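Here are some short notes to read beside the model. Please keep the structure open as you go through them.

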Amino acid sequence: MTTAKTTGTTMLAEGLPAEATIDLAALRGNLAALRERAPGAAVMAVVKADAYGHGALPCALEALAAGVRWLGTATPEEALALRAAGIAPEQARILCWLWTPGGPFAQAVRAGIDISVSALWALTELVDAVRATGVPARVHLKADTGLGRNGCQPHDWPELVAAALRAQAEGLLQVVGIWSHFACADEPGHPSIRAQQELFAAMLAQAERAGVRPEVRHLANSPATLLLPESHYDLVRTGLAMYGVSPVPEAGTPADFGLRPVMSLSARLALVKRVPGGHGVSYGHRYRTPGETTLGLVPVGYADGVPRHASSTGPVQIGGKWYTVAGRVAMDQFVVDLGGDVPEVGEEVLLFGSGERGEPTAEDWARACGTIAYEIVTRISARVPRRYVGGSGARP
Ligand SMILES: *Cc1c(COP(=O)(O)O)cnc(C)c1O
């Protein structure tokens, strides 16, 4: 049997039960591929949710080393953490877009963080923070062009734009961005795509007629960056594609888009044992061995981010061969039925990776669990140590 050990491709560090390898060279390559896709636009590296599980700071630094000048986060706390780690305003604009009342507007303004405003309440709190700190704000007004999530509805837009322009006239802020977000960019041909693009153009034109002179107009996420060139405007906000995962698996694999997966997740077999036929496996006995067989114990579970929905469906590769999770994924571990194979205890189990070694990908896990690959990589928890390879040595 060919094993990961004998082929010399074992990546898992000695002694660790599990590890996520983050290939920063792949991240740089993906950014280059995205730049080629959107030659007229700047790229924003979206590093929210700890860079989709890949590590916000190392990924942000690598993106900066690759020439990126925009970072995006959901929460102001995420943006402030990047500034606190030493990423200066001269190095990167950081935009954060998910604010709640009482949020850290004053800290964000002082830290030179770009602030998204979707409603008057946020503008009011922001203006108060600017008055208190004496530091003018950089604002991106967000339009709800159809997503129905955050953003300002068209009927409230003229009022929000006018209020922002009044504050701008007083020197309290600069409206530097007009932006929106797609609902269905990952479903090519969905009628909402064109409708959102048309509404964005109209709301943008309205703001410009009112006197807004945006530095950046932006609409595209990863799927739109890959598939909708007319949505690129001045800036594309890429998350998933930068991490080398296909945001539109129906339209293409990562390789089809010139992308390489950045995260690989592997673990080490904690136990290999013979059991008789008819033996129940894991909680609830949802799997019963069809005959005498070998079971392998994999020391990662839902506390590590392996979805419980992968019970009896998640794929892994051991010694070059695929197996399926047998029975329920538990908090800290799951079991695979190795059939007649007897790999050594300690052997590497590849859960997902680039696929270049024949292993499953995050997309395979998403399919197995009835979810999207975004969730597969993002939920890998802090208990799994990250190992960074291929980095350029970037520091703040
Ligand atoms: C998460 C997010 C993105 C990035 O989306 P991807 O599909 O991962 O590229 C862009 N814009 C907003 C507003 C987001 O919330």
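1. Start with Ala51. At 0% relative accessibility, Ala51 counts as buried (buried means under 20% relative accessible area, exposed over 50%, partly exposed in between, with a 1.4 Å probe and protein chains only). Ala51 lies in helix 2 (helices are DSSP runs of H or I, at least four residues, numbered from the N terminus). Its phi is positive, about 55°, although Ala51 is not a glycine.

2. This is a predicted model, where local features need pLDDT of at least 70, side-chain atom pairs count only at pLDDT 80 or more, and totals for chains, interfaces and linings use all residues. Residues are numbered from 1 along each chain as its sequence is written, and side-chain values use heavy atoms, leaving out hydrogens and water.

3. Asp50 also lies in helix 2, which spans residues 48-52. Phi of Asp50 is near 50°, a positive value in a residue other than glycine. At 42% relative accessibility, Asp50 counts as partly exposed. Most residues other than glycine have a negative phi.

4. The largest nonpolar core has 121 residues (a core is a set of buried Ala, Val, Leu, Ile, Met, Phe, Trp, Tyr and Cys residues joined through side-chain atoms within 4.5 Å). Helix 7 (residues 157-169) gives the most to this core, with seven residues.

5. Which residues of helix 7 meet helix 8? They are Trp157, Pro158, Val161 and Leu165. Their partners in helix 8 are Met203, Gln206, Ala207 and Ala210 (contact means heavy atoms within 4.5 Å).

Methods:
Helices (H or I, at least four residues) and strands (E, at least two) are DSSP runs, numbered from the N terminus.
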